[in-house]
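Me: I would like to learn how to read a protein model feature by feature, with the general idea before each case. Could we go through this one together?

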Amino acid sequence: MGAAVFAALLRERRLAAGWSQDELAERSGVSARSISALEAGGRRPRMSSVVRLAEALGVDPDTRTRWLTAARDTDPQRSADASEEAPAPGGGAVVSPALLPAVSSGPAGPTGPQQLPTAVRHFTGRARELKVLDELLDDVTPGCGAVVISAIAGTAGVGKTTLAVHFAHRVADRYPDGQLFANLRGFDPARDPVDAAEVARGFLDALGVPALRVPADPDGRLALLRSRLAGTRTLIVLDNAREAEQVRPLLPGSNTCLVVVTSRNRLPGLVALDGAVPLTLDVLSRAEARELLARRVGRGLVEEQQDAADELAELCARLPLALNIAAARAADHPGTPLDVWARELRDSRVRLDLLSAGDSHADVRVVLSWSYRALAPQAARLFRLLGLHPGPFVSAAAAASLAGLSSSETHALLEDLHRAHLITAPERGRYTFHDLLRAYAAEQAEALEPPQGQAEAMVRLFDHYLHTAHRAGCLAYADDASWQSLDLAEPAAGVAPEDLTDRRQALDWYREEQPVLERIVDLAHRTGADVHAWQLVGAQVAYLLKSGLWQQWQRASETALAAAERTGDLGRQAHAHRWLGQVHRSQGRQPQAQRELRLALDLFDALGDRPRQGRTQLDLAIAHGEEHANVEAVAESHRALELFRAMGDPSGQALALNSIGWYLAQQGELREALPYCRRALALAQDAGNLPGQSSIWDSIGFIHHHLGEYHEALPAYHESLRLRQAVGDYFLQADIHTHIGDTHVALGDVAAARASWLQGLAILEDLQHRDADAVRARLNAHTGPERLR
């Protein structure tokens with residue numbers, strides 16, 4: 001009868017949660033096959049499976065008691081019968097007697113100490129970590145005598161103790177000789193870390209050793225503990241260790257014991273010398289954070305307000321401590337929508353104030369401070385200064401400039417912070433921390449760094465990125481008309497720009513640092529460093545243009561214009577108007593493009609800047625060409641040519657001649673266009689202008705194609721593509737791939753055409769560019785839409 005009752009209870013609860021058997025299996029760790037059998041009433045459930053299913057479904061204590069009663073009535077003997085449901089893969093742990101309610105009389109439980117703290121009721125997720133810990137139980141070499149150790153490390157508030165205690169309860173009945181627990185207080189600001197000998201005394205008391213038999217000297221006490229544990233099946237949890245030396249003397253010498261250690265530090269010595277299995281705990285995944293909120297405030301509320309719930313989780317950095325505090329506040333006000341709590345937390349200046357439950361152990365700021373106060377002074381200073389960096393990550397070189405320290409000093413300090421889990425290193429040489437740590441670091445900088453010191457650090461930060469970006473631009477675009485070398489002051493003392501040596505390194509640096517450069521530009525403008533803000537845009541605009549990063553390019557140009565207007569510098573305003581004109585033109589907004597370009601042209605004319613005036617006229621020619629106003633485009637190109645000839649600028653003349661040839665070809669005047677392009681090519685080759693040569697070869701290929709000279713067109717296009725790839729012009733490669741595909745079709749090679757178009761389409765889709773539709777139309781027309789799926 002009990003099996004049928006339990007089956008009905010389980011099925012009813014699962015359906016109420018709206019989960020399939022597979023979903024419940026994924027969340028509980030019990031196999032879907034076993035769940036199916038249990039709901040059919042055809043198998044005797046393990047107690048451990050009942051607890052896992054109850055936890056996954058978030059049942060209240062009374063309901064869990066009914067489940068356990070029904071399951072226990074199913075199998076009074078609790079024999080290891082072959083018909084009993086199988087454990088899920090990676091599981092195998094049975095429930096601790098500490099988790100079972102006293103619902104029936106049965107065999108006596110373990111007689112050893114049971115010191116584990118109460119398990120957290122709302123424990124959520126951590127399936128991967130629990131699987132690693134479960135696998136430790138099988139990682140025993142018979143006869144070797146080595147104790148099995150897991151070292152759980154992670155930042156403050158990430159749930160290390162919660163995981164350790166939850167796991168310990170899950171496997172407690174595998175260790176009938178006792179479960180020992182000690183808080184080593186490695187980061188408690190109110191008292192010193194607990195000495196190993198003091199912990200040993202407490203353990204010996206718990207193990208029933210009479211006080212008179214406990215040696216007075218520390219070494220004797222530790223030796224007695226090891227003797228007492230030898231050959232026993234004892235589980236030991238050593239929580240909040242500061243260093244390996246605090247843990248090592250407490251390790252038993254028996255492989256029948258299991259030791260679980262938690263620490264905010266990584267304890268590499270325990271891993272290297274004592275064979276500990278390291279397990280680094282990160283913040284919760286998005287799904288786990290949502291599940292935790294659902295358990296705390298109600299699944300229905302979270303599902304109804306999913307966007308607000310997700311934002312709340314992100315504002316809490318998905319840090320379990322912060323999320324539990326926020327959830328507790330929400331649960332205390334059940335009628336308040338979740339977006340009200342999210343809105344309160346959006347202000348980073350008060351976020352840490354709000355994430356406090358009035359208890360030092362439930363206050364994010366206080367808990368983070370325990371790790372911070374354990375740092376050496378230089379490491380603490382670097383942590384504070386990193387709070388001034390806008391993120392999302394910082395390179396070791398940028399951190400060195402920010403702090404005004406040498407590379408070697410900075411590397412050592414960053415490793416100290418990394419070991420303390422105050423920063424993470426998602427990739428080699430780059431560091432980051434979650435938003436709550438960033439807010440705490442910024443608070444400490446504001447409180448402890450003098451204003452002058454903060455200002456100097458910010459200048460060093462801006463100079464680092466400015467001079468590195470300028471170096472990258474000089475390497476990548478020195479032979480490109482779109483590049484403008486800046487007249488920069490010497491970097492501030494203590495700044496060491498990154499050592500870039502070639503074009504490839506420069507382009508890699510731009511690509512990797514682009515998310516940081518966006519924030520650095522914004523920070524410079526917000527803090528009134530307008531010259532730095534404009535120069536930082538000027539040092540990267542060629543990369544943004546050629547990479548097709550339209551949105552970033554527009555935001556940067558708008559910031560540059562605002563900065564230039566605030567300083568009243570007309571030259572910088574002219575450049576910013578031109579950059580905005582270029583991005584509007586590239587996005588198909590020709591009226592806005594022409595307005596911005598005309599403003600730039602008038603300013604360059606008034607300032608007597610003839611080179612920029614000529615190049616802006618070529619930008620206007622392109623804008624006219626985008627509207628198929630080819631006559632106006634040719635006229636603007638001729639005006640630019642006259643300016644470049646007057647200045648004796650061969651690169652400028654090459655660009656103007658190519659522009660004339662291109663727009664003549666667009667008008668159908670192909671034979672007249674070709675000589676202009678050939679003269680342009682000769683000038684560009686003499687000047688060593690590789691991007692200009694690429695554009696001209698593309699024009700020559702286009703003209704040959706439309707003259708029906710396809711075998712002459714293909715080599716021209718391929719040379720254009722080779723040069724574009726060499727100089728890193730990502731967006732313009734798509735145009736050339738399209739032209740190559742058109743020529744292959746004209747030659748009857750549809751397969752080659754399709755290959756070229758697909759390469760171009762991949763670039764355009766990556767950039768979300770409007771020209772992608774035209775390439776798709778080509779593919780549909782020549783290969784059939786079904787081939788594109």
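Me: Is Ala640 buried or exposed?

Reply: Keep in mind that this is a predicted model. A residue counts as buried when its relative accessible area is under 20%, and because the value for Ala640 is 0%, Ala640 counts as buried.

Me: Where does Ala640 lie, and with which residues is Ala640 in contact once its neighbours within four places in sequence are left aside?

Reply: Ala640 belongs to helix H31, which covers residues 630-647. With those neighbours left aside, its contacts are Gly614, Gln617, Leu618 and Ala656.

Me: How should I read the way H19 and H20 pack?

Reply: Two packed helices are described by the angle between their axes together with the distance between those axes. Here helix H19 (residues 377-386) and helix H20 (residues 396-403) pack at about 100°, and their axes are 10 Å apart. Angles of 65 to 115 degrees count as roughly perpendicular, and H19 and H20 are therefore roughly perpendicular to each other. On the H19 side the contact is made by Arg381, Leu382, Leu385 and Leu386, and on the H20 side by Ala399, Leu402 and Ala403. By residue class, the contact of H19 with H20 has six nonpolar residues, one charged residue and no polar ones.

Me: What kind of peptide bond joins Gly391 and Pro392, and where is Pro392 placed?

Reply: The bond is read from omega, which is about 0° between Gly391 and Pro392, and this peptide bond is cis. Pro392 is placed in the loop between H19 and strand S6 (394-395).

Me: What can be said of Gln573, its place, its accessibility and the residues it touches?

Reply: Gln573 sits in helix H28, residues 570-586, and with a relative accessibility of 12% it counts as buried. Residues up to four places away in sequence are not counted, and on that basis Gln573 touches Leu561, Ala564, Glu565, Gly568 and Leu603.

Me: How many disulfides does the structure hold, and how do Cys316 and Cys474 read for accessibility?

Reply: The structure holds zero disulfides. Cys316, at 0% relative accessibility, counts as buried, whereas Cys474 is partly exposed, its relative accessible area being 28%.

Me: What do the totals for the protein chain come to?

Reply: The protein chain has 38 helices and eight strands, and 53% of its 789 residues count as buried. Among contacts between residues at least 6 apart in sequence, 68% join residues at least 24 apart. The chain exposes about 33,200 Å², of which carbon and sulfur atoms supply 50%.

Notes
Residues numbered from 1 in each chain as written. Predicted model: local features only at pLDDT ≥ 70, side-chain atom pairs only at ≥ 80, totals over all residues. Heavy atoms only, no water. Axes fitted to C-alpha atoms, helices over the stretch in contact; angles between N-to-C directions. Helix = DSSP H or I, 4+ residues; strand = E, 2+ residues; numbered from the N terminus. Parallel < 35°, antiparallel > 145°, perpendicular 65-115°, else oblique. Contact = heavy atoms within 4.5 Å. Nonpolar A, V, L, I, M, F, W, Y, C, P; charged D, E, K, R; others polar. Disulfide = S-S within 2.5 Å. Buried < 20%, exposed > 50% of the residue type's maximum accessible area, 1.4 Å probe, protein only. Areas by Shrake-Rupley, 256 points an atom, 1.4 Å probe, with all protein chains shown as cover.
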